[in-house]
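Thanks for coming. Please have the structure on your screens.

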Amino acid sequence: MQALCTTCQKREGVNRREMTNVQYVVMKNGRHAARGTCGVCGGGMYRIVSAAEVPGASQA
Ligand SMILES: [Zn+2]
């Protein structure tokens, strides 16, 4: 999954990186998010996703 990496954005001006170690979380407002690690710099990444992108999620 591609996600925004603020570390790479600052260093190289590239903000889209492949995210590894992806973990899906549900926020208090019921929306889904994905958290992971940047495959390039190893920094933390965070991205809002739709329920359809979450494996196994119910279409609530
Ligand atoms: Zn990065």
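The confidence score here is pLDDT, the predictor's confidence in each residue, on a scale from 0 to 100. For this chain the mean pLDDT is 91, and 93% of the residues reach 70 or more. This is a predicted model: local features need pLDDT of at least 70, side-chain atom pairs count only at pLDDT 80 or more, and totals for chains, interfaces and linings use all residues. Residues are numbered from 1 along each chain as its sequence is written.

Next, the elements. Helices (H or I, at least four residues) and strands (E, at least two) are DSSP runs, numbered from the N terminus. The chain comes to one helix and four strands, and from the N terminus on the order is β-α-β-β-β. By element, confidence is lowest in S1, with a mean of 92, and highest in S3, at 96. Along the principal axes, the C-alpha atoms fill a box of roughly 40 × 20 × 15 Å.

Now the sheet. Strands of a sheet pair through backbone hydrogen bonds, either parallel or antiparallel. Two strands count as paired here if DSSP finds at least two bridges between them. What is the order of the four strands in the open sheet? It is S1-S2-S3-S4, with antiparallel pairing. Strand S1 (2-4) and strand S4 (44-49) are the edge strands, each pairing on one side only. From one strand to the next the twist averages 55 degrees, where axes are lines fitted to C-alpha atoms, for helices over the stretch in contact, and angles run from 0 to 180 degrees between N-to-C directions.

Let us cross the sheet. S1 and S2 run antiparallel and are joined by three bridges; in that pair, Ala 3 stands opposite Arg 17 in S2. Strand S2 (residues 16-26) and strand S3 (residues 32-38) are also antiparallel, with six bridges between them. There, Met 19 stands opposite Cys 38, and Thr 20 stands opposite Thr 37. S2 and S3 form a hairpin with five residues between them, and Gly 30 in the turn has a positive phi of about 90 degrees. S3 and S4 pair in the antiparallel sense over six bridges, with Tyr 46 in S4 as the bridge partner of Arg 35. The hairpin of S3 and S4 has five residues between the strands, and in it Gly 42 takes a positive phi near 80 degrees.

The phi of Asn 21 is near 55 degrees, a positive value in a residue other than glycine.

On to burial. A residue is buried if 20 or more other C-beta atoms lie within 10 Å of its own, exposed if 12 or fewer, and partly exposed in between, with C-beta atoms placed from the backbone. Is Asn 21 buried or exposed? Asn 21 counts as exposed, because it has 12 C-beta neighbours inside 10 Å. Of the 60 residues in the chain, 12% are buried.

A nonpolar core is a set of buried Ala, Val, Leu, Ile, Met, Phe, Trp, Tyr and Cys residues joined through C-beta atoms within 7 Å. The largest one has five residues in all: Ala 3, Cys 5, Met 19, Cys 38 and Met 45.

Two residues are in contact if their C-beta atoms, placed from the backbone, lie within 7 Å. Leaving aside neighbours within four places in sequence, the contacts of Met 45 include Ala 3, Cys 5, Met 19 and Cys 38.

Last, the start of the chain. Met 1 lies in the segment before S1. Because 13 other C-beta atoms lie within 10 Å, Met 1 is partly exposed. Leaving aside neighbours within four places in sequence, Met 1 is in contact with Met 19, Val 22 and Ala 34. Met 1 and Gly 36 are 35 residues apart in sequence and 9.6 Å apart in space, C-alpha to C-alpha.
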